[in-house]
Amino acid sequence: MFYGRGDGRRSGQGRGIGSNRNSNSGFGPGGSCICPNCGREVAHQRGVPCYELKCPACGSPMTRKGLNNIGSTGTDDINNIPVIDGEECIGCEKCLEVCPFNAIRMNAGTAEIIADKCRNCHRCMSVCPVEAIK
Amino acid sequence: MSLIIACATDDGVNFINRHFGDADYYYIYRLDENGSEFVKKIANTTEEEETHADPKKAGGIVQILMQENVKAGVAKVFGPNIKRIKKHFVPVLVHSDTIQEGLNELLNSYTEILNLWNQGETRRHLVLK
Ligand code: SF4
Ligand code: SF4
Ligand SMILES: [Zn+2]
């Protein structure tokens with residue numbers, strides 16, 4: 001039932017590991033479904049798997065908030081979002097293309113993460129050709 | 001030892017603001033500790049890049065530049081192709097707009113570039129800031 005998005009994978013970052021387990025976001029009877037594409041959240045409906053819902057904003061299949069890291073950290077875990085090393089970044093904009101939350105901008109040829117938009121999904125890390133995102 | 005470098009440019013004066021592989025021309029310079037000397041200009045005859053990180057594209061550019069013994073490719077921006085490019089020469093990111101200023105940046109890092117060249121295909125790129 002886990003709506004598996006293939007990317008963002010890093011060992012130890014999967015479902016139920018790390019901070020997700022102890023945070024109550026997305027778990028329990030309430031919780032919410034989140035769009036992995038645009039970040040839109042809707043209240044979870046009991047008995048309806050999140051992935052059967054289509055995002056009201058962009059039509060992508062929704063996923064349960066709290067799974068696969070998407071939206072799982074919000075601003076609670078803001079200190080753990082990825083950091084771009086400006087000394088390594090080659091300005092290719094690959095990370096910017098894949099970020100589902102428009103949380104990356106270019107600044108003088110170097111990518112930077114906008115902390116309050118980042119949802120810590122780690123997609124940017126998986127595409128950076130020079131491992132500049134840590 | 002001198003260092004042959006290729007600058008990504010359209011007009012021979014400024015670096016392009018696009019990826020290294022997207023330049024119309026590569027201006028080839030020979031560098032040593034004392035200064036730089038223009039060698040020649042080479043037209044980029046490889047086809048338009050269809051997608052980023054097109055393997056054929058990297059192959060074409062790399063081959064053209066390897067024939068000139070290029071040891072460093074210089075640009076303001078690289079694309080994901082950098083993974084392949086760096087196997088054959090040192091990708092160097094400059095922040096100057098003009099080739100002339102860029103050459104000065106390179107001269108200041110001459111030894112570092114040479115060291116990266118000597119590391120072979122596992123080398124990393126160099127960002128000059
Ligand atoms: S910046 Fe990276 S980790 Fe943050 S939301 Fe965008 S892709 Fe995900
Ligand atoms: S993918 Fe990596 S190198 Fe490319 S712009 Fe983003 S941080 Fe920089
Ligand atoms: Zn959506």
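Visitor: Before we go on, what should I know about the model and the numbering?
Guide: This is a predicted model, where local features need pLDDT of at least 70 and side-chain atom pairs count only at pLDDT 80 or more, while totals for chains, interfaces and linings use all residues; side-chain values use heavy atoms, with hydrogens and water left out. Residues are numbered from 1 along each chain as its sequence is written, and chains are lettered from A and ligands numbered from 1 in the order in which they are written.

Visitor: Back to B:Asn69: what is its phi near?
Guide: The place of B:Asn69 is in the loop between helix H1 (55-66) and S4 of chain B; helices (H or I, at least four residues) and strands (E, at least two) are DSSP runs, numbered from the N terminus. The residue is not a glycine, yet its phi is positive, near 60°.

Visitor: Which residue of S5(B) is the bridge partner of B:Val74?
Guide: Strand S4 of chain B covers residues 72-75 and pairs with S5(B) in the parallel sense over four bridges; two strands pair if DSSP finds at least two bridges between them. For B:Val74, the partner in S5(B) is B:Val92.

Visitor: Which side chain does B:Thr98 make a polar contact with?
Guide: B:Thr98 sits in the loop between strand S5 (90-93) and helix H3 (99-108) of chain B. A polar contact is a pair of N or O atoms within 3.5 Å; within protein, one must be able to donate a hydrogen and the other to accept it, and residues adjacent in sequence count only if both atoms are side-chain atoms. At 2.8 Å, the partner is the side chain of B:Glu101.

Visitor: Over to chain A: what is the relative accessible area of A:Met62?
Guide: A:Met62 is found in the loop between strand S2 (41-43) and strand S3 (63-64). Leaving out residues up to four places away in sequence, A:Met62 touches (heavy atoms within 4.5 Å) a list including A:Cys33, A:Tyr51 and A:Cys55. A:Met62 is buried, at 0%.

Visitor: And A:His122, which ligand has it among its nearest residues?
Guide: A:His122 lies in the loop between strand S5 (110-113) and helix H3 (123-127) of chain A, and is buried at 6% relative accessible area. Its phi is positive too, near 70°. Together with A:Cys99, A:Cys118, A:Cys121 and A:Cys124, A:His122 comes nearest among the 14 residues (a heavy atom within 4 Å) around ligand 1.

Visitor: How many residues surround ligand 2?
Guide: The closest are A:Cys89, A:Cys92, A:Glu93, A:Cys95 and A:Cys128. The shell divides into ten nonpolar, one polar and two charged, where Ala, Val, Leu, Ile, Met, Phe, Trp, Tyr, Cys and Pro count as nonpolar, Asp, Glu, Lys and Arg as charged, and the others, Gly among them, as polar. The count is 13.

Note on methods. Buried means under 20% relative accessible area, exposed over 50%, partly exposed in between (1.4 Å probe, protein chains only).
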